[in-house]
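Student: Can we go through the aromatic rings in this one? Keep it quick.

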Amino acid sequence: QVQLVESGGGLVQAGDSLRLSCAASGCTFSNLSVGWFRQTPGKQRELVARIFNSGTTNYADSVKGRFTISRDNAKNTMYLQMNSLKPEDTAVYYCAASHRAVVTTSPDYWGQGTQVTVSS
């Protein structure tokens, strides 16, 4: 049974940094495409960043230059380094993984979500 467990969310001020982690278990992590998504009340879950099976990364325009996605296959863990945080980054952040070449908003696996709140 595949499980994804996020950690690292919290309350920060605008301009601060946070690093989210997502630990995977019950799978061959290196075979999965992975990504981070976020959701605010009343809105659809949206892509933040993802890593294709090929290793290519892809970011939402709103986070380019501020966020960095990475993975450590030896630790079965992916990360989202978030710098220069803005109040509009406030959301519940979810990690996701897929057996397909690219993870989308319909992945095979979701984490439980972690709240990130950025105060102005």
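Tutor: We take the ring pairs, then the charges over rings, then the core.
The model is predicted, so local features need pLDDT of at least 70, side-chain atom pairs count only at pLDDT 80 or more, and totals for chains, interfaces and linings use all residues. Residues are numbered from 1 along each chain as its sequence is written, and side-chain values use heavy atoms, with hydrogens and water left out.

Student: How many aromatic pairs does a search of the whole structure find?
Tutor: It finds 2. Rings of Phe, Tyr and Trp (its six-membered ring) pair if their centres lie within 6.5 Å; planes under 30 degrees apart are stacked, over 60 edge-to-face, the rest tilted.
Phe 37 and Trp 110 are edge-to-face, with centres 5.3 Å apart and planes at 75 degrees.
Phe 37 is in strand E4 and Trp 110 in strand E10 (residues 109–110), so this pair ties together parts 73 residues apart in sequence. Strands are DSSP runs of at least two residues, numbered from the N terminus.

Student: And the other pair?
Tutor: Tyr 94 and Trp 110, also edge-to-face: 6.0 Å centre to centre, 75 degrees between planes.

Student: Is Phe 37 buried or exposed?
Tutor: Buried, at 1% relative accessibility. Buried means under 20% relative accessible area, exposed over 50%, partly exposed in between (1.4 Å probe, protein chains only). Trp 110 is partly exposed at 30%. Tyr 94 is buried at 14%.

Student: What lies over the face of Tyr 94?
Tutor: Arg 45, at 3.6 Å from the ring centre. The cut-offs are CZ of Arg or NZ of Lys within 6 Å of the ring centre and within 35 degrees of the ring normal. The charged end of Arg 71 sits over Phe 29, 4.7 Å from its ring centre.

Student: New topic: which residues touch the most other members of the largest nonpolar core?
Tutor: Trp 36, Val 48, Phe 67, Leu 80, Met 82 and Tyr 93, out of 30 residues. Such a core is a set of buried Ala, Val, Leu, Ile, Met, Phe, Trp, Tyr and Cys residues joined through side-chain atoms within 4.5 Å.

Key: Helices (H or I, at least four residues) and strands (E, at least two) are DSSP runs, numbered from the N terminus.
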